[in-house]
Amino acid sequence: MFDLSGKVAIVTGGSRGIGRAAAEALAGQGARVVVGYATQEAAASEVVAGILAKGGAAESLHLNVTDAAAAENAIAETAKRLGRLDILVASAGIAIDGLLLRLKEEDLDSTLTVNLKGSIVCAKAAIKAMMKNRWGRVILLSSVVGEMGNAGQVAYAASKAGLLGVAKTLAREYASRGITVNAVTPGFVATDMTANLSEEQQKAMLSAVPLGRVAAPAEIAAAIVYLASEEAGYITGHALRVNGGMYM
């Protein structure tokens, strides 16, 4: 079940956090994984080395989603070189928090460029490659914040909510080509991003989680693997919540 042997996957933001866990999980199911990174080349190489050590297939790829032309070219060239592209996990993201009246315009632009525009650009390039084989899986990393909102995260919430609309729209546009497009909406996950929260902020978030604990990145990755599989072929335009009951 969930066998991905023979599939090629690109994971943006694959050098850390949920992206890293997704790359490792996809490789564990037999996919050849391309670990995309923007600045953390050493970390991406470490992910690749770990996958290779376990007998998997992987390589790293400089993939800065803020440069639309370069990102599209990198994905297109990789798909051509490897002969196919089956799975895209758009995991690259940033969070610049702040109340609306204190939000700097450049921070708003950066957040929307990376989280929203960057995912759209990568999806566009990936879908072009997937159409050749009339099979594909596009998985966008949204957030529970995109569904429920969160004070102090207006830019982040806007970008993640936007991805839900992107998933539904692209699902309708490319279903006839055998391509599914879904989103995953994680809740409170133990990553570098959440590690920067204060102890008070972390306690407040945990109090809103019925399961009473933080998620491990591997738990989000498991949902990604499912959506990437043949078994999830009848699911598209869906937001899969992996949030411990934080939002229902």
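Predicted model: local features only at pLDDT ≥ 70, side-chain atom pairs only at ≥ 80, totals over all residues.
Helices (H or I, at least four residues) and strands (E, at least two) are DSSP runs, numbered from the N terminus. Strands pair if DSSP finds at least two bridges between them. On one side, β6 runs parallel to β5, with six bridges joining the two, and G136 sits opposite I179. Four bridges link β6 to β7 (residues 239-242), again in parallel. Eight of the eight β6 residues are buried, so the strand is largely enclosed by the rest of the structure; buried means under 20% relative accessible area, exposed over 50%, partly exposed in between (1.4 Å probe, protein chains only). I179, V181, A183 and T185 point one way, T180, N182, V184 and P186 the other.

Over in β5, I139 counts as buried because its relative accessibility is 1%. Beyond its neighbours within four places in sequence, I139 is in contact (heavy atoms within 4.5 Å) with L88, V89, A90, N182, V184, I224, L227 and A228.

What about the nonpolar cores? A core here is a set of buried Ala, Val, Leu, Ile, Met, Phe, Trp, Tyr and Cys residues joined through side-chain atoms within 4.5 Å. The largest holds 34 residues, of which L85, L88, V138, L140 and V181 touch the most other members. Another core, of 29 residues, lies apart from it and has L4, I18, V225 and A228 among its members.

Finally, the largest pocket has about 1200 Å³ of space. On a 1 Å grid over the protein atoms alone, a pocket is an open set of points where a 1.4 Å probe fits, with protein on both sides within 12 Å along at least five of seven lines; lining residues have an atom within 4 Å of a point. The volume is the space filled by probe spheres set on the points, which are joined across faces, edges and corners. Its lining has 50 residues, with G93, I94, A95, Y156 and M193 nearest the centre.

How values were computed:
Residues numbered from 1 in each chain as written. Heavy atoms only, no water.
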